[in-house]
Amino acid sequence: MMTFYDCATAPSPRRARMVIAEKRVDVARVEIDLRNGEHFSPEFQAINPRCTVPVLVTEEGEALCDNAAIVRYLEALYPDPPLLGRSPLEQARTAEWVWRVESEGLMAIMEVLRNSSKALKDRALPGPDPVPQIPELAERGRARGQRFFSVMDERLRQTPWLAGDAFSFADISALVFVDFAGWVKMEPEPGLDALKAWREACRARPSGQV
């Protein structure tokens, strides 16, 4: 059985949890206590020297230490339901929207969290090395995040899911972004009705509750 190193309160491992739920894969789950620094322990650093979650350890003993690797590995092993697209065009659209969600959405919220949270003082970037906070980056992140809410709403007025007609890893990544934004007291502005309906549809899926 594969082993999944998780943290229930962190956004990045939630993306992998949702993939695992959609694929209906049985894994041994290990909770890593980020709040108390368990990811910096020698035991966890031996698994992932970058000191980050998620990590999926395969049955062969290989540690996959980011979401891109985990979803590609599970997609290859369990192709149904597909989360990275079936046709070349679907795959291209999914890759594009995953990239946009990460660069325009998730990174914006991480700027807010890591540059404003007292609990993350000197932890403005993930990893074992201390990095000081820059408050101006938190404000920039809020503006970037709000812009991306509008970008998503415009796209979802044209198509039911970000990559087209089928739920994909792009939607998983985007739902985590939208929900995670609430942690830093950022909510979509009124009137983004397509985004609201899409969010409800995502949450209605079994994976939307993990």
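Lys23 is buried, and Glu75 is buried as well; buried means under 20% relative accessible area, exposed over 50%, and partly exposed in between (1.4 Å probe, protein chains only). This is a predicted model, in which local features need pLDDT of at least 70 and side-chain atom pairs count only at pLDDT 80 or more, while totals for chains, interfaces and linings use all residues. Residues are numbered from 1 along each chain as its sequence is written, and side-chain values use heavy atoms, with hydrogens and water left out.

**Salt bridges**

Side chains of opposite charge can pair when their charged atoms come close. A salt bridge here is a side-chain nitrogen of Lys or Arg within 4 Å of a carboxyl oxygen of Asp or Glu. The count by this rule is 16 salt bridges. One of them joins Lys23 and Glu75, at 2.6 Å from N to O. This pair links distant parts of the chain, with Lys23 in helix α1 (residues 11-23) and Glu75 in helix α3 (residues 67-77), 52 residues apart. Helices (H or I, at least four residues) are DSSP runs, numbered from the N terminus.

| Pair | N to O distance |
|---|---|
| Lys23 and Glu75 | 2.6 Å |
| Glu31 and Arg29 | 2.3 Å |
| Arg100 and Glu104 | 2.8 Å |

Glu31 counts as partly exposed because its relative accessibility is 35%, and Arg29 is partly exposed at 45%. Arg100 and Glu104 lie 4 residues apart in helix α4 (residues 88-116), so about one helical turn separates them. Salt bridges also link Arg14, Asp179, Glu187, Arg199 and Arg203 in a network.

**Rings**

Arg100 also lies over the face of Trp97, 4.9 Å from the ring centre; for this, NZ of Lys or CZ of Arg must be within 6 Å of the ring centre and within 35 degrees of the ring normal. Arg205 lies over the face of Phe167 at 3.9 Å from the ring centre.

The whole structure holds 5 aromatic pairs. One of them, Phe180 with Trp183, is edge-to-face, with 5.1 Å between centres and 85° between planes. Rings of Phe, Tyr and Trp (its six-membered ring) pair if their centres lie within 6.5 Å, and planes under 30 degrees apart count as stacked, over 60 as edge-to-face and the rest as tilted. Both residues lie in helix α6 (residues 169-183). Phe180 is buried at 2% relative accessibility, whereas Trp183 is exposed at 53%.

**Asp171**

Asp171 is in helix α6 too. Asp171 is buried yet has no salt bridge, and Arg205, the nearest side chain of opposite charge, is 7.8 Å away (Lys and Arg count as positive, Asp and Glu as negative; His and the chain ends are not counted).

Conventions. Helices (H or I, at least four residues) and strands (E, at least two) are DSSP runs, numbered from the N terminus.
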